[in-house]
Amino acid sequence: MTFAQSTYSEDNTFLFESIATDIADKGFSIRPYALPESLATLLLQHINTLSDDQFKRAGIGRANDHMINDFIRLDEICWITGTSDAGTAWIKWAELLQTYLNRHLFLGLFSFESHFAHYAKGDFYKKHKDAFKGEGNRVLSVVVYLNPNWSSEDGGELVIYDQNTSESSLLNNNKITVSPSFGTIVVFLSEDFPHEVLPAQRDRYSIAGWFRLNNSIANNIDPPS
Ligand SMILES: O=C(O)CCC(=O)C(=O)O
Ligand SMILES: [Fe+2]
């Protein structure tokens, strides 16, 4: 059995159940150190083998609207296509999550796209949304982090703005701050949560992915990315 196959068969039921419950309750889920260890390790090993020129400056917008904007984001990305054991294992895991969430939350998730991201020292991604209402496009965002021994001085936190939190969290300005620590998983409804990445003080590695609707169902002509 290859590593990819063994990761595929690992039992994720408890994890997927907690993610589904969180999404149903509040629209997002933050699960520290939750990615199956074998998968997280495989992804980290793989990311370490990627050379600088396999990463490209990330843009904003899609197709004709696509552009690089230094004031909005500085990270570099590498799309995951499943040509490596690690990429295949990751995509399989995401498919299992997709199937589970469709079965339990009826989200109608149809396809998945994802990329590795590298934020070098000083890089950030300003407050943004991953999708806009009515575009019928990205439904659910997932981010996992691949940074062993991340400390608070290393910055690079993900800040999620929750417009609907109860009064008890008003003290935090309706902000949820997530450390990009190894194996932490964040999942949220793409249209509902503006978020940003604070400047990283050292190299920060992650995967960002999006589950989408079937675009023919969403009645939206989907331009290639
Ligand atoms: O890396 C993160 O914490 C989030 C990245 C992000 O928001 C994005 O790529 O859209
Ligand atoms: Fe984002």
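Two residues are in contact when their C-beta atoms, placed from the backbone, lie within 7 Å. Keep that in mind for the whole chain of this predicted model. Among contacts between residues at least 6 apart in sequence, 78% join residues at least 24 apart.

**Whole chain.** Show the chain as a cartoon. Its secondary structure comes to four helices and 11 strands. The chain has 225 residues, and buried residues make up 34% of them.

**Colour by pLDDT.** The chain mean is 88, and 85% of the residues reach 70 or more. Select strand 1, residues 28-31: among the elements of the chain, strand 1 has the highest mean pLDDT, 98. Now select helix 1, residues 3-9, which has the lowest mean, 47. Over residues 3-9 the pLDDT is below 50, and the model gives this stretch 17 contacts beyond near neighbours in sequence. Go next to residues 220-225. There the pLDDT also stays under 50, with nine contacts beyond four places in sequence. For the model scores, note ipTM 0.99 and pTM 0.88.

**The nonpolar core.** Select Leu-39, Leu-43, Trp-90, Val-144 and Val-187. Of the 48 residues in the largest nonpolar core, these five touch the most other members.

**Ligand 1.** Centre the view on ligand 1. Which residues surround ligand 1? Select Ala-117, Tyr-125, Asp-130, Val-143, Leu-158, His-195, Val-197, Ser-206 and Ala-208. This shell divides into six nonpolar residues, two polar and one charged. Now highlight strand 10 (195-197) and strand 11 (204-212). Each of these strands supplies at least two residues of the shell.

**Leu-50.** Where does Leu-50 sit? Look in the loop between helix 3 (37-49) and strand 2 (56-57). Is Leu-50 buried, exposed or partly exposed? Count the other C-beta atoms within 10 Å of its own: there are 15. A buried residue needs 20 or more, and an exposed one has 12 or fewer. Leu-50 is therefore partly exposed.

Show its partners next. Leaving aside neighbours within four places in sequence, Leu-50 is in contact with Phe-55, Cys-78 and Phe-116. To finish, draw a distance from the C-alpha atom of Leu-50 to that of Leu-213. The two residues are 163 apart along the chain, and their C-alpha atoms are separated by 30 Å.

How values were computed
Residues are numbered from 1 along each chain as its sequence is written. Chains are lettered from A and ligands numbered from 1 in the order in which they are written. This is a predicted model: local features need pLDDT of at least 70, side-chain atom pairs count only at pLDDT 80 or more; totals for chains, interfaces and linings use all residues. pLDDT is the predictor's confidence in each residue, from 0 to 100. A residue is near a molecule or strand if its C-beta atom, placed from the backbone, lies within 6 Å of it. Ala, Val, Leu, Ile, Met, Phe, Trp, Tyr, Cys and Pro count as nonpolar, Asp, Glu, Lys and Arg as charged, and the others, Gly among them, as polar. A nonpolar core is a set of buried Ala, Val, Leu, Ile, Met, Phe, Trp, Tyr and Cys residues joined through C-beta atoms within 7 Å.
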